[in-house]
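Here is a briefing on the contacts within and between chains. The structure comes first, then the points by topic.

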2 protein chains.
Amino acid sequence: MAKQDRAIRTRQTILDAAAQVFEKQGYQAATITEILKVAGVTKGALYFHFQSKEELALGVFDAQEPPQAVPEQPLRLQELIDMGMLFCHRLRTNVVARAGVRLSMDQQAHGLDRRGPFRRWHETLLKLLNQAKENGELLPHVVTTDSADLYVGTFAGIQVVSQTVSDYQDLEHRYALLQKHILPAIAVPSVLAALDLSEERGARLAAELAPTGKD
Amino acid sequence: MAKQDRAIRTRQTILDAAAQVFEKQGYQAATITEILKVAGVTKGALYFHFQSKEELALGVFDAQEPPQAVPEQPLRLQELIDMGMLFCHRLRTNVVARAGVRLSMDQQAHGLDRRGPFRRWHETLLKLLNQAKENGELLPHVVTTDSADLYVGTFAGIQVVSQTVSDYQDLEHRYALLQKHILPAIAVPSVLAALDLSEERGARLAAELAPTGKD
């Protein structure tokens, strides 16, 4: 294995360990000592990649953020739906995704700039909404930046409630409900009728993406 | 002052102190010792009202939950909107409201049952939605329990994002946006056109309620 490959693997090992500790302890209570113990790497290796607890948290944010790719669809709104479905699936299967969301919602994480994930989700969704608008998928009055804002905030909320009441078991169901309530305010009727909100889409999309190593 | 009045005041003093400490520290890091210091009451007084940190947190939940009353309106959906507007206003002006929300969203609050606030908001909104349905304000396909669920989760999310990016300065704006996106999926068009989503409603309603001591 080349030196660079080894470094990438070590970095990933550290991030996975950090995610486990952040998810369990929250930002304030997490310590680099515990992350080192879980990762099983040397202090030197960790500090080579991350200078501080904040950098570790920011690394977790980067690693969990909007899926880089969803399979292309005829409708951009379907891709937007799919991005959320895929993320629901990841939240249930991937500790880094869970830790990233947990950290971004951690109102006790003093000293950690939590605006990045919200901003980046906003940008990703805005891009899709603007493309949907160009395609004629949106109602004429829709202000895409408002709708992007709304998706970011509302998704953040339903995931906390889902985690609280069902440990994420009902997350796809809540997400489909969210879309059923928001889409009629933004999509033209013919597009609305063509969108697929099946709750098992997330798992299906993840399986489709897996062989390419994108999930 | 009668003995009972004094007890009620002491209880309120303790709850205010607990709210301050919970809001600043989160559930895990908060200690009864610090709450005692902020409240300036004796240990005996505190333990007379609250047996544990969890009971203090549950007391904060009870104190911040759905506004008991909003001014009556011709449309039940307007009352539902107003309940949220009033709560936005409280979040910016009342530490107990802020602490309650913070605690209910605190995914690091191990050992604290955080389901109560979500359940009670759900019940309150469901009652209003069912009344709106009886009044013919809702579209025929609306499942009121789904919509109540959705309001609880989405509001929870927009308040975190608002707190994160603007320290609640844009909360009423985000709340109005939320309603503008959800109402078209549930309200009949004539009702939709009659609803007031002005961002200053919260402050106005609070002032209206204040003389009766309900805020």
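How many Å separate the centres of domain 1 of chain A and domain 2 of chain A, taken over C-alpha atoms? The separation is 27 Å. This is a predicted model, where local features need pLDDT of at least 70, side-chain atom pairs count only at pLDDT 80 or more, and totals for chains, interfaces and linings use all residues. Residues are numbered from 1 along each chain as its sequence is written, chains are lettered from A in the order in which they are written, and side-chain values use heavy atoms, leaving out hydrogens and water.

**Domains of chain A**
- Domain 1 of chain A covers 3-62 and domain 2 covers 65-212; such bounds come from an automatic or database domain assignment.
- In contact (heavy atoms within 4.5 Å) are 14 residues of domain 1 of chain A and 19 residues of domain 2 of chain A.
- The two domains of chain A bury about 1400 Å² between them, with 65% of it on carbon and sulfur atoms. Buried area is the accessible area (1.4 Å probe) that two parts lose on being put together, summed over both.
- E23(A), Y27(A) and F61(A) supply 49% of the area that domain 1 of chain A buries against domain 2 of chain A, more than any other three residues.

**Charges between the domains**
- There are 3 salt bridges between domain 1 and domain 2 of chain A. The rule asks for a side-chain nitrogen of Lys or Arg within 4 Å of a carboxyl oxygen of Asp or Glu.
- R102(A) forms a salt bridge with E23(A), with the closest N and O atoms 3.4 Å apart.

**Symmetry of the chains**
- Chain B superposes on chain A by a rotation of 180 degrees with 0.0 Å of shift along its axis (RMSD 0.0 Å). The two copies are therefore related as by a two-fold rotation axis.
- G157(B) comes closest to the rotation axis of the residues of chain B, at 1.6 Å (C-alpha).

**Interface of chain B and chain A**
- 39 residues of chain B are in contact with 39 residues of chain A.
- Chain B and chain A bury about 3100 Å² between them, 62% of it on carbon and sulfur atoms.
- Q107(B), Q108(B) and H181(B) supply 23% of the area that chain B buries against chain A, more than any other three residues.
- The interface of chain B and chain A has 2 salt bridges. R174(A) and D149(B) meet in a salt bridge through their side chains (3.8 Å, N to O).

Technical notes: Copies are superposed by least squares on the C-alpha atoms of residues with pLDDT of at least 70 in both.
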